[in-house]
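Subject: Structure handover

Hello,

Here is the structure I promised to pass on. Please open it beside this email as you read.

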Amino acid sequence: MLEIKAKNEQGEVLAFGRDSRYAVTISGVSPAAATINLSKAAMIDGARFNSSRVSERNIVLMVYFLKDVESARLNLYRYFPPKHKCILYLKNGARDVCIEGYVETVECDLYALGQCAQISVICPDPYFKDIDDTYAGVQKMQPMLEFPLMTEKEGLELSQLYNDAVSTVVNKGDVEAGMVIELRSSGRVVNPRIYNEETRQVIGLRMEMEEGDQIAINTNAGEKSVTLYRDGVFHNVINRLMSNPSWLQMTAGANVFTYKCDEGNESLSVVFRFRARYMGV
């Protein structure tokens with residue numbers, strides 16, 4: 001069974017499965033339709049493919065009022081005000097995902113014998129996303145604890161952190177996803193660059209990082225940015241990008257990344273943060 005929750009702009013959550021006033025069914029959660037653009041030419045059979053895109057998603061909820069009909073209906077308006085944003089959370093045995101959308105209509109027949117509401121939600125981004133971010137980085141841990149155990153006066157080293165220049169990140173989603181690449185310096189770092197080992201795409205910065213600096217490179221569509229956090233202040237440093245950078249994406253499956261710097265390779269740690277995206281539930 002599919003567990004369904006809705007959150008409004010105020011952060012209030014309605015869990016349909018836990019509220020005995022409602023029963024709900026949902027449609028529009030299978031893969032969204034694609035628009036295929038073709039062109040035809042004289043004297044040639046068929047057509048020529050130009051481009052394709054996945055359209056926005058339309059999710060429709062049918063909410064049935066089981067008791068306290070009037071209060072249940074009015075309570076529903078609070079979570080689905082037309083034209084406003086809402087977040088739908090869907091969970092089953094395989095996936096725990098969410099999707100953002102805007103309420104198009106809330107239609108109720110007040111004179112029907114068994115009242116229900118039909119709610120239409122338009123989702124500009126048609127893909128479902130994991131509830132939580134996935135983190136992966138080039139920093140590894142080397143265990144140091146051995147037996148038999150002897151503890152010196154000055155203490156015992158349990159493990160060591162070290163940087164591995166190559167990192168394999170698995171995207172368990174159905175489609176590629178943007179990400180946030182977090183760069184953290186423990187010393188002087190000059191001109192850091194991140195590479196996709198398989199495609200040889202690269203994104204890098206023409207700048208010098210100081211000890212304690214943190215840089216976030218956001219490659220998500222519509223959110224692209226480069227932000228430096230230094231001495232408690234955020235700075236926009238997108239102008240420090242190298243010429244013709246590739247805004248790296250996390251393709252479905254295994255992704256192999258590496259990094260290089262002109263100076264301070266050992267002083268840089270890299271973390272990849274993203275949310276897997278799915279075509280349907």
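Below are notes on the sheets, the cysteines, the pockets and one glutamate.

First, the basis. This is a predicted model, in which local features need pLDDT of at least 70 and side-chain atom pairs count only at pLDDT 80 or more, while totals for chains, interfaces and linings use all residues. Residues are numbered from 1 along each chain as its sequence is written, and side-chain values use heavy atoms, with hydrogens and water left out.

Sheets

Strands here are DSSP runs (E, at least two residues), numbered from the N terminus. Two strands pair if DSSP finds at least two bridges between them. Strands of a sheet pair through backbone hydrogen bonds, either parallel or antiparallel.

Tyrosine 229 faces phenylalanine 234 in S22.

Another open sheet has four strands, ordered S14-S23-S17-S18 and paired antiparallel. The edges are strand S14 (166–171) and strand S18 (202–204). Both have a single partner strand, so one side of each is left without a neighbour in the sheet. Here the twist averages 25 degrees from one strand to the next. Strand S17 (residues 193–196) and strand S23 (residues 253–260) run antiparallel and are joined by four bridges. Asparagine 196 is opposite phenylalanine 257 in S23.

Cysteines

How many disulfides are there? The count is zero, where a disulfide is a pair of cysteine sulfur atoms within 2.5 Å. Take cysteine 86: the closest cysteine sulfur is in cysteine 123, 7.2 Å away, which is too far for a bond. Cysteine 86 counts as buried, because its relative accessibility is 1%. Cysteine 261 is also buried, at 12%. (Buried means under 20% relative accessible area, exposed over 50%, partly exposed in between, with a 1.4 Å probe and protein chains only.)

Pockets

A pocket is an open set of points on a 1 Å grid, where a 1.4 Å probe fits, with protein on both sides within 12 Å along at least five of seven lines; lining residues have an atom within 4 Å of a point. Volume is the space filled by probe spheres set on the points.

The largest pocket has a volume of about 490 Å³. It is lined by 23 residues, and Glu100, Asp125, Lys129, Glu223 and Arg277 are the closest to its centre. Strand S7 (85–91) and strand S8 (96–108) each give at least two lining residues. S8 supplies the largest share, five residues. By class, the lining has nine nonpolar, five polar and nine charged residues.

The second largest pocket holds about 210 Å³. Of its 13 lining residues, Asp133, Asn220, Glu223, Phe274 and Arg275 are the closest to its centre.

One glutamate

Glutamate 208 is in strand S19 (residues 208–209). At 40% relative accessibility, glutamate 208 counts as partly exposed. Glutamate 208 and asparagine 58 are 150 residues apart in sequence and 47 Å apart in space, C-alpha to C-alpha.

Best wishes

Notes
Axes fitted to C-alpha atoms, helices over the stretch in contact; angles between N-to-C directions. Nonpolar A, V, L, I, M, F, W, Y, C, P; charged D, E, K, R; others polar.
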